[in-house]
Amino acid sequence: MNSTDPNHSPLRDVAQNPEATARYLADVQRVLLDIGKNLETLAHETRVHLRDTHVEGDRWYHARLRAMPVEKSLGQVLRNLNNLTQGLEKSAYKRRAHDEAVVNTAKERKEKELEKWRKKNPQPLQAAPNPPQEGAQALGYGGPTSIFDLGNRESA
């Protein structure tokens, strides 16, 4: 696709590449963290100002009570911003994991197919290289059964 196509989106290219996606999300996260620093400063300055604003006839806690809804609202914004930045980081990892899963899925399917084929077409067992001679013991069975029968056996 070329850039003159009206349906072309620059983020389409970013979405198709996990490294580009991670870079883009890191840039967005950086911007949001900078905004978060400014919001933290704003929340602190707002808190100081609102708690220092007293009206005649106030008790010592009235200014604090009036400031609480504003402080709570700004605190909620900061929590949402932190959750957003964590979500961006998690999304970058999940995007990379998705591509790895796609590659691994293809390999696993090939291995399963090969295993199915092996089960359907077992390899014939090869004959023993030296078949046992007559009178010889096959596979170790039929040997001496007690220590008294060991007399005719050669020593190691």
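Which residue's side chain does Arg-95 join in a polar contact of 2.6 Å? Select Arg-95 and look: the partner is Asp-99. A polar contact is a pair of N or O atoms within 3.5 Å; within protein, one must be able to donate a hydrogen and the other to accept it, and residues adjacent in sequence count only if both atoms are side-chain atoms.

This is a predicted model: local features need pLDDT of at least 70, side-chain atom pairs count only at pLDDT 80 or more, and totals for chains, interfaces and linings use all residues. Residues are numbered from 1 along each chain as its sequence is written, and side-chain values use heavy atoms, leaving out hydrogens and water.

**Stay on Arg-95.** Arg-95 is in helix α3. Helices are DSSP runs (H or I, at least four residues), numbered from the N terminus. With a relative accessible area of 17%, Arg-95 is buried. Buried means under 20% relative accessible area, exposed over 50%, partly exposed in between (1.4 Å probe, protein chains only). Now show Gln-16. Its backbone oxygen lies 3.4 Å from a polar atom of the Arg-95 side chain.

**Next, the core.** Select Ala-22, Leu-25, Leu-32, Leu-81, Leu-88 and Ala-92. These six residues make up the largest nonpolar core. Such a core is a set of buried Ala, Val, Leu, Ile, Met, Phe, Trp, Tyr and Cys residues joined through side-chain atoms within 4.5 Å. Helices α2 (18-52) and α3 (62-120) each give two or more residues to this core.

**Last, Trp-60 and Met-68.** Trp-60 sits in the loop between α2 and α3. Trp-60 counts as exposed because its relative accessibility is 70%. Met-68 lies in helix α3. At 37%, Met-68 counts as partly exposed.
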